[in-house]
Amino acid sequence: MKWNVERAVVLGAGTMGAQIAAHLANCGIPTSLLDLVPDHLTPEEKKKGLSLSSPLVRNRLARAGIETARTSKPPAFFLQEKTSWITPGNFEDNLSWVAEADWIIEAVSENLEAKRGLLERVLAFRKPGTVVSSNTSGLPVGRIAAGFPEEFRRHWLGVHFFNPPRYLHLCELIPGPDTLPEIVEAVAGFADLRLGKGVVRAKDTPNFIANRIGTFFACNIFRIMSEENFTLEEVDQLTGPALGWPKTATFGTLDLVGLDILASVTRNLLENVPEDESRELFRLPAFMEKMLSQGLLGAKTGAGFYKRVKQASGSSDALVIDPETLEYRPQKKSQFASLETGKGIGKGIQDTRERVGMLAGSDDRAGRFLWKVLSRTFLYAARRIPEITDRIVEIDRAMRWGFGWKLGPFELWDAVGLEGSLRRMEGEGCQAPENIRQMLSSGRKRFYQNAEHGLLYFDFGRGNYRLIEQPPGVLPLGGQGSHPVIEKNDDASLLDLGDGVACVEFHSKGNAIGAGTIAMVESGLRELSANFDALVIANQGTNFSAGANLQLLLEEIRAEHWEALDRMLRSFQQMNMAIKYSPKPVVVAPFRFTLGGGCEMAFAASRVQASAETYMGLVETGVGLLPGAGGTKEMALRAADSLPAGSELLPSIREAFQTITNAKVSGSAEEARQLRFLGPADGITLNPDRLAADAKQAALEMARNNWKRAHPAPRTDVRVLGEGGLAELKISVHLFRSGGFISDHDALIAGKIACVLCGGKLTGPAAVSEQYLLDLEREASLSLYGEPKTQARIEHMLRTGKPLRN
């Protein structure tokens, strides 16, 4: 069944409704957002002379929802202009708009009768065949539509987005008892391809999959925290990045979700899972009930488990609540020996699986806490099969995609070790579920294992391993894929993707670009010339690339190896020029953070296929440098090429200058296009799981269509301004320095960037070659390597992960 959504209506303009509407707008779907009609005027409305019958008043809640989404952090919209795709309205005047919709999304409060009452009104306007879904986080989907016409129920299902829907990959699909299979397939395909979602199909059980496991996880932590006398901030120290979980950890995440939402999902479980062996765990601690009564709900009310307080200096500190007094106090950081050894910072254990195994086996206070947290979660997840889903795969995906875990519960259990951990659990009086005992008795000791054709999972229902089928259009790389490896080093691999396409895949720490990466790209270009039709540069790490290898750079600077540094920079520049002028197509597939050298590599591509969530930027000024591998040159070239013949060049160069000196990073791939990091022909992929396959397809199409580069050889016609433009930019630098907005070192760097962008000290406007600008870049970079403040900035970045302005 083909299902094309040309217009959607979202019912409910609260946090989730407005954010869902924003994401639909991001994806190019015109959307109406409706909510209640207010029953009173605000003071501002009274001042303006408005009445309750004024459209601005009647649509106030929907307009407020759009505005909240517009100003939210992180931003709900790819671009601010996307707000124009949403039309505000209300349930009284505009409910008839659902007659024109292809998809109606109910997102009102988690109240069964409120949802049913609104949907009964929708029945009068909805046209037959229109899909209607609920964004309920855990109410029974079947009960919401019980007794409604059969045709309605056949097109009815739960489609549960996670907050914020732009960023969290998970979308749970929950069919009702009468939902047509073709409707489930159509919605799943649309959520995947058009909305970029990772779709998990769940059974219609309370809180579905992610919230069922996640609620147990949180409530289990509350109990252990009390039993072991841990503070809130200690819990967050232990349940964040050290376990491969988000930086917000447990209580920071709950502040984002909202304590009221947690209370709702725990009440739902208490009322609806009478046979759950852990049911009594779903009662919130007394101090949280008091927080609820006082409105301390988290970020939405300005205070929850944490509260930000501004200091006289203008900075702000995050205070933590004291569960005994409900007063806020400064945080106290504790020292845990196992955490210091295991966390992935500095010389810690970088591999998440290895780190989790070490932490769970540690016998200090932190290790004992984490063992209890993990072991109880493992057992609970195993007991939920087949109640909430038939496969471990759905549970692991739901927790990775919905809660931001790097590893799901069964993947974590593999990391800890199934057989040994089970012996320890049983020694502590915990009984393993029957499905786990049967698995072990059959000789299987892992939930997942690699095979020649991909990754296998253990299927409890069948009692054996089964292949995790990849949907068409998904192309796993690295350890998840089965592509022949042509060549490999510590930093990167060269793979054969089939169909005449090769792939350079990064796998260095942070996917930083060093000598090994450059060597592998050069090998890939040689293989492309001799044996392949196209080359893709991609990876499936956390981010595309953090940029150049700063640790290596710092070591060379400290040793004053200036000639080696010159060779390194030349090789990076030459590699990018070889990519840019390859006679066969080279497609680069950036995603998430694509910084510095990673951004410069994308600039060189024949075409870029970027993830919608690509945060690109030339951020070298933060470490005391300028883009030296072709980035500054390319921004000068793009500034000139963006203008019609005869146009004044200075405004465009000034814009490029500001982008580089301010180290601007795009908030999305669409914004990257506005910043000229992406070109008009570059593609954008909404679903990150499909990025590698889309990049391969783009490369294939270019090869099959006999793609030819617009400029077959390095250019010699790049327009630059010379000394006149340089003087203009230097005036701006002087004004900013005089006003105290930038430091002397910032001014030095900015002056060098201006020099490259303007073509150096030429007496007037001229046409120069790309190589001329690359030489200017390299000379400027080498001069900055010798600056003590540059070294200090690099050291600070490596130590803290943050830029230093000295």
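Tutor: A residue is called buried when its relative accessible area is under 20%, exposed when it is over 50%, and partly exposed in between, with a 1.4 Å probe and protein chains only as cover. The model is predicted: local features need pLDDT of at least 70 and side-chain atom pairs count only at pLDDT 80 or more, while totals for chains, interfaces and linings use all residues. Residues are numbered from 1 along each chain as its sequence is written, and side-chain values use heavy atoms, with hydrogens and water left out.

I begin with arginine 384. This residue is buried, since its relative accessible area is 4%. Its partner in a salt bridge (a side-chain nitrogen of Lys or Arg within 4 Å of a carboxyl oxygen of Asp or Glu) is glutamate 277, and their closest N and O atoms are 3.0 Å apart. Arginine 384 sits in the loop between α16 (365-383) and α17 (392-403), whereas glutamate 277 belongs to the loop between α12 (259-272) and α13 (286-293), so the contact ties together parts that are 107 residues apart in sequence. The helices and strands named here are DSSP runs numbered from the N terminus, with at least four residues (H or I) for a helix and at least two (E) for a strand. The two partners fall into separate accessibility classes: arginine 384 is buried at 4%, but glutamate 277 is partly exposed because its relative accessibility is 42%.

This pair also belongs to a wider arrangement. A network of salt bridges links Arg384 and Glu277 with Arg212, Asp276 and Glu387. In the whole structure, the search finds 51 salt bridges.

Arginine 715 pairs with aspartate 717, and the closest N and O atoms of the two are 2.9 Å apart. Here again the arginine is buried, as arginine 715 has 9% relative accessibility, and aspartate 717 is partly exposed at 38%. In the other pair, 2.5 Å separates the closest N and O atoms of arginine 737 and aspartate 744. Arginine 737 counts as partly exposed because its relative accessibility is 31%.

The surface comes next. Ile731, Leu735, Phe736 and Phe741 make up a nonpolar patch there, and together they have about 470 Å² of accessible area. The areas come from the Shrake-Rupley method with a 1.4 Å probe. With a relative accessibility of 54%, leucine 735 is classed as exposed.

The backbone has several features that deserve attention. Most residues other than glycine have a negative phi, and most peptide bonds are trans. In this model, the peptide bond from lysine 73 to proline 74 is cis, with omega near 0°. Proline 74 is part of the loop between α4 (60-71) and β3 (86-90). A cis bond, also with omega near 0°, runs from asparagine 163 to proline 164. The loop that holds proline 164 lies between β6 (156-161) and β7 (170-175).

Positive phi values occur at two asparagines. Asparagine 207 has phi near 65° and is placed in the loop between β8 (198-201) and α9 (210-228). For asparagine 706, phi is near 55°, and this residue occupies the loop between α28 (691-704) and β24 (718-720).

Serine 493 is found in β16, residues 492-498, and is buried, with a relative accessible area of 4%. Between the C-alpha atoms of serine 493 and alanine 639, which are 146 residues apart along the chain, the separation is 34 Å.

Notes
Patch = residues over 30% accessible without salt bridge, like charges linked within 9 Å, V, L, I, M, F, W, Y side chains within 5 Å.
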